[in-house]
Amino acid sequence: MLFRLSQIGYMPNGLRTVLESPFIPKIGAGLNQEDRRRLLQDYDVDLNGTLDVFDIAKRLGFRQFGLAYLTEKLLGTTDAWSCTLH
């Protein structure tokens, strides 16, 4: 899911709970310290439980990090919306 907090202007309580929980995995691409800093500074949210697919790709030895490339190599499809994970 994509949330554009700058457009809604506030942090919904339910979203805050999800973002701060270390028990609810959040998977993203290109998560960085700036994202974490802005959430903390702008919304007093301490982001926990994240997994960055680019970090995983680096550990697996990939040299390209585009989402389309990784989707094809890791999931065997160029259409991430049509794949089913088991």
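# Reading the labels on a predicted model

Visitor: Why is Gly30 called partly exposed?

Guide: At 30% relative accessibility, Gly30 counts as partly exposed, because buried means under 20% and exposed over 50%, and partly exposed covers what lies in between. This is a predicted model, and the value is computed from it. Gly30 is found in the loop between strand E1 and helix H3 (33-43).

Visitor: What does Gly30 touch, not counting residues up to four places away in sequence?

Guide: With those neighbours left out, Gly30 touches Asp35, Asp52 and Phe54, where a contact requires heavy atoms within 4.5 Å. As for Leu51, 21 residues from Gly30 along the chain, the C-alpha atoms of the two are separated by 9.7 Å.

Visitor: How do you know that Arg37 and Glu34 form a salt bridge?

Guide: The side chains of Arg37 and Glu34 meet with an N to O distance of 2.7 Å, and the definition asks for a side-chain nitrogen of Lys or Arg within 4 Å of a carboxyl oxygen of Asp or Glu, so the pair qualifies. Side chains of opposite charge can pair when their charged atoms come close. Both residues lie in helix H3, three residues apart, which is about one turn of the helix.

Visitor: What makes Asp42 and Arg38 a salt bridge?

Guide: The closest N and O atoms of Asp42 and Arg38 are 3.1 Å apart, and the limit is 4 Å, so this pair also meets the definition. Asp42 and Arg38 both lie in helix H3, four residues apart, again about one turn of the helix. The structure holds two salt bridges.

Visitor: Which elements make up the protein as a whole, and in what order do they run?

Guide: The secondary structure comes to five helices and two strands, and from the N terminus on the elements run α-α-β-α-β-α-α.

Conventions. Residues are numbered from 1 along each chain as its sequence is written. This is a predicted model: local features need pLDDT of at least 70, side-chain atom pairs count only at pLDDT 80 or more; totals for chains, interfaces and linings use all residues. Side-chain values use heavy atoms; hydrogens and water are left out. Buried means under 20% relative accessible area, exposed over 50%, partly exposed in between (1.4 Å probe, protein chains only).
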